[in-house]
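Biologist: I am new to this structure and would like to go through it by question and answer. Please show it first.

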Amino acid sequence: MPRFRLTIEYDGRGYAGWQRQENGPSIQAALEESIFRLSAERVTVTGAGRTDAGVHARGQVAHFDLTRAFPADTIRDALNAHLRPQPIAVVDAELAPSDFHARFSAISRSYDYRMLCRRAPPALEAGRVWHIGRRLDADAMREGARLLIGQHDFTTFRAAECQAKSPVKTLDFFEVREQDSEICCMVRARSFLHHQVRSMVGTLKIVGEGKFKPDHVARVLAARDRSACGPVAPPEGLTLVRVDY
């Protein structure tokens, strides 16, 4: 039974998230339907990251099994044909080893969170950035972000509905970059808690406004208390950019 690995990009607006659910369309369900239209087989597509409603992806990875063999290029092109006009694209498809697992084989996941810090609203990037409407202190945010790198109990930045067994995660990389009126928070870890990235960004935004000093981030982290966290950043600024294996 061949196993296929997909690299996928999508615009998360209008979707209830990656995971199939009853309250709205999902990326997973759209892919599974396109596979059925190609192969007449009902399959489960497993993704590397269960992105939330409104969150985008440039490098989501997924896998599925079929009983019938197809050339990988046929899989890519046929799925894209069946997905149109939805804003979902299979960038690459390839045969994978039978023990490859999009979620459990991953060694790191990288996300970007983009903020547009200017008075004028976005025209070309509407729905893909968090429009702040004023300048933020990127240097202060960068200093605060460094305090989150490493292994910590991230309870403060964990959603109440998070299903992870432990709040302890290791953040391998957190960089804050500024270019013109945009600030991008770039993070990498093996795995994340539910809403962890958006919660960290929301706290750093308060630092950027000057309401918190950068070292306050360490106290927020050490509190292990959800009420110490800043507001959760909206989903439209977040993109899953890469999964490494």
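Biologist: Is Glu32 buried or exposed?

Modeller: A residue counts as buried under 20% relative accessible area, as exposed over 50% and as partly exposed in between, with a 1.4 Å probe and protein chains only. Glu32 has a relative accessible area of 9%, so Glu32 is buried.

Biologist: What kind of model is this, and how are residues numbered?

Modeller: This is a predicted model, in which local features need pLDDT of at least 70, side-chain atom pairs count only at pLDDT 80 or more, and totals for chains, interfaces and linings use all residues. Side-chain values use heavy atoms, with hydrogens and water left out, and residues are numbered along each chain as its sequence is written, from 1.

Biologist: What distance does H1 reach from its first C-alpha to its last?

Modeller: The expected span of a helix is 1.5 Å times one less than its number of residues. H1 has 13 residues, and the expected value is 18 Å. The distance in the model is close to that, at 18 Å.

Biologist: Which residue caps the N-terminal end of H1?

Modeller: At the other end, just after H1, Ala40 takes a positive phi of about 65°. At the N-terminal end, a side-chain oxygen lies 3.1 Å from the backbone nitrogen of Ala29. The residue that supplies this oxygen is Ser26.

Biologist: What covers the buried residues of H1?

Modeller: The buried residues of H1 include Ile27, Leu31, Ile35 and Leu38. Their cover includes strand E1 (3–10), strand E3 (56–65), helix H2 (72–83) and strand E4 (88–96).

Biologist: Which elements do the buried residues of H2 pack against?

Modeller: H2 has 12 residues, which should span 16 Å at 1.5 Å a residue, and its end C-alpha atoms are 17 Å apart, which agrees. Ile75, Ala78, Leu79, Asn80 and Leu83 are buried in H2. The buried residues of H2 pack against E1, H1, E3 and E4.

Biologist: Which residues have the most contacts inside the largest nonpolar core?

Modeller: A nonpolar core is a set of buried Ala, Val, Leu, Ile, Met, Phe, Trp, Tyr and Cys residues joined through side-chain atoms within 4.5 Å. The largest one has 69 residues. Those with the most contacts inside it are Ile75, Met115 and Phe174.

Biologist: How many aromatic pairs are there, and which parts does the pair of Tyr113 and Trp130 tie together?

Modeller: Rings of Phe, Tyr and Trp (its six-membered ring) pair if their centres lie within 6.5 Å; planes under 30 degrees apart count as stacked, over 60 as edge-to-face and the rest as tilted. The count comes to six aromatic pairs. Tyr113 and Trp130 form an edge-to-face one, 6.1 Å centre to centre with 90° between the planes. The pair ties together parts that are 17 residues apart in sequence, because Tyr113 lies in strand E5 (residues 108–116) and Trp130 in strand E6 (residues 130–131).

Biologist: How many disulfides are there?

Modeller: A disulfide is counted when two cysteine sulfur atoms lie within 2.5 Å. The sulfur of Cys184 is too far for a bond, because the closest cysteine sulfur, in Cys185, is 6.8 Å away. The number of disulfides is zero.

Biologist: How far apart in space are Gly47 and Phe174?

Modeller: Gly47 is in strand E2, residues 46–47, and is buried, with a relative accessible area of 8%. In sequence, Gly47 and Phe174 are 127 residues apart. In space, C-alpha to C-alpha, the distance is 23 Å.

Biologist: Which side chain does a polar contact join to that of Arg142?

Modeller: A polar contact is a pair of N or O atoms within 3.5 Å; within protein, one must be able to donate a hydrogen and the other to accept it, and residues adjacent in sequence count only if both atoms are side-chain atoms. Arg142 is in helix H3, residues 138–146, and is buried at 18% relative accessible area. At 2.7 Å, the side chain joined to that of Arg142 belongs to Asp139.

Terms used: Helices (H or I, at least four residues) and strands (E, at least two) are DSSP runs, numbered from the N terminus. Contact means heavy atoms within 4.5 Å.
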